[in-house]
Amino acid sequence: MSARGKHFLGVGLEIAVPIALLVIWGVLSAGSKTYYFPPLTDIFTAFKDNWLFERVSSDVVPSLTRMFAGFGIAIVVGISAGLLFGLSRRARIAADPILEFLRAIPPPALLPFAILVFGVGNGMKIFIIALVCLWPILLNTIDGVNSVDPTLRETAYMYGIPWRDRIWGVMLPAASPQIFAGIRTSLSLALILMVISEMVASTNGIGYFVLQSQRTFAIPEMWSGIFLLGILGYVFNAGFGLIEKRVLRWHRGARASALG
Amino acid sequence: MLRVEHLGKTYGEGDDAVEAIGDVDIEVAEKEFVCIVGPSGCGKTTLLKCMGGLLPPSSGQVHLRDQRIEGPPERMALVFQEYSRSLFPWLTVRQNVAFPLRRKKLDKSKAKELVENAVKSVDLTRFLDRYPWELSGGMQQRVAIARALAYEPDIMLMDEPFASVDAQTRADLEDLVLEISREYGVTVVFVTHDIDEAVYLSDRIVVLTPSPTTVQEVLEVELPQPRDQVETKEQQEFAQLRAHVWRSIKRKQEEKKPEAAAAGAAG
């Protein structure tokens, strides 16, 4: 089969399999009387009633605002601190035990503390999301900056590149493949922590809606929320993948040519 | 123009100290092409990095036009052996060559002109907007040379620049470097472990001893200019010089060996 044919087959499978699964689920659950597994059509109806677009401004927007605020803070703090620790051996040694300790704390254990300090509002949720998302980005940035090829550093030094250009033009691009790997991990964490923080204490948001639906025995609604979260996670990942592919095009090219 | 005085470099301290360079004196005149040869592991790269201000010497000093070198000087460029690691893979050829010009704060059209002329003189104009990893090894090293040229150095240090390309490409690159060093009027200090290459390129050859390094011998090369890969290498004098340098390095290595063995037995 030609490469083109293979490509179309791949895409076809990617689309066909989920649809087939949904059809099977739909057929098997049709007329279901089991309380916890309502007919798929009921879930779709609930999905349409709630998310297209009744609750978009009341739940989806607040949820995503928290998620991306926390995620954004984690990116900025993680990369800046990672640069600092990556460039300075002393700073790295000094910070290492503290970083390792903080990283070892299971994030949900910090929720009570966050509620005490920030209350049950957005502050607490953004704090928790940012704190958890920070580690993969920070550690990957440290590692990435620290392992920039010495020849590259010397080249920049030899040509007297001003320090600002050395950071933006040499260290960050050279470390970017690893930084991106960290950000990718954090993106999934951000979604997870958004849901958890909204389930613990909230008055709106998708996580809150899912838990609230379950508590009020609105099972199709609960499922519709879970569906939405899955779709959001998928879309974010795909979007991020596109950005990564663009930004790191050189990296794939260089690696492919190094492998010959 | 470049003066190395009593340069010494020791790595580590106390009992672990390793003396890489003992005591080296070298003088390089304006527009001269000087090759530094020596047995492998004799601290050639260390010496070159001290000359470039990348490494602080443990003793002695380096002067560039009577200015003591304490960091990379603005009128100096360095071409590394590992071209694939010294070019920035996220920048195109054009951007790579232009990158060091940021230090000089030139206006845009002047910078563009410098870049395009430098790339033209290494014959890569067609590849200006390609990435380094899309090019062959020899072409990548030509990009690194163009980057050094665009920087408008008075002196160019080259650290075994052609050690990792094939023989044919190597010959072409040698001729290219000779040609542009004349054209740009730049002084070149060229480190190599290849004796043929040193004799072919040099106005003068500095032969180093094994580590801890000192200067064993300095040889004038009076082969006619311009050099030619076939004709120059056919000359009697080329063969003599080549043999001379060869023996000089070999003899010193032999002398060192029994010494090292004796030291090992005593220790």
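**How do we know?**

Author: The buried residues of helix 7 of chain A pack against helix 8 (163-200) of chain A, and also against strand 6 (76-79) and helix 2 (83-86) of chain B. Helices (H or I, at least four residues) and strands (E, at least two) are DSSP runs, numbered from the N terminus. This is a predicted model, where local features need pLDDT of at least 70 and side-chain atom pairs 80 or more, while totals for chains, interfaces and linings use all residues. Residues are numbered from 1 along each chain as its sequence is written, with chains lettered from A and ligands numbered from 1 in the order written.

Reader: Which residues of helix 7 of chain A are called buried?
Author: In helix 7 (residues 150-158), they are A:L152, A:T155, A:A156 and A:M158. Buried means that 20 or more other C-beta atoms, placed from the backbone, lie within 10 Å of a residue's own.

Reader: What puts them on the same side of helix 7 of chain A?
Author: They cover an arc of only 165 degrees around the axis, so they share one side of the helix. The arc is that of the directions from the helix axis to the C-beta atoms.

Reader: What makes chain B as compact as a globular protein of its length?
Author: Its radius of gyration is 19 Å, close to the 18 Å that the globule rule gives for 267 residues, so chain B qualifies. The radius is taken over C-alpha atoms, and the rule is 2.2 Å times the number of residues to the power 0.38.

Reader: How many residues of chain B are in contact with chain A?
Author: 18 residues of chain B are in contact with 18 of chain A, contact meaning C-beta atoms within 7 Å.

Key: Two residues are in contact if their C-beta atoms, placed from the backbone, lie within 7 Å. A residue is buried if 20 or more other C-beta atoms lie within 10 Å of its own, exposed if 12 or fewer, and partly exposed in between; C-beta atoms are placed from the backbone.
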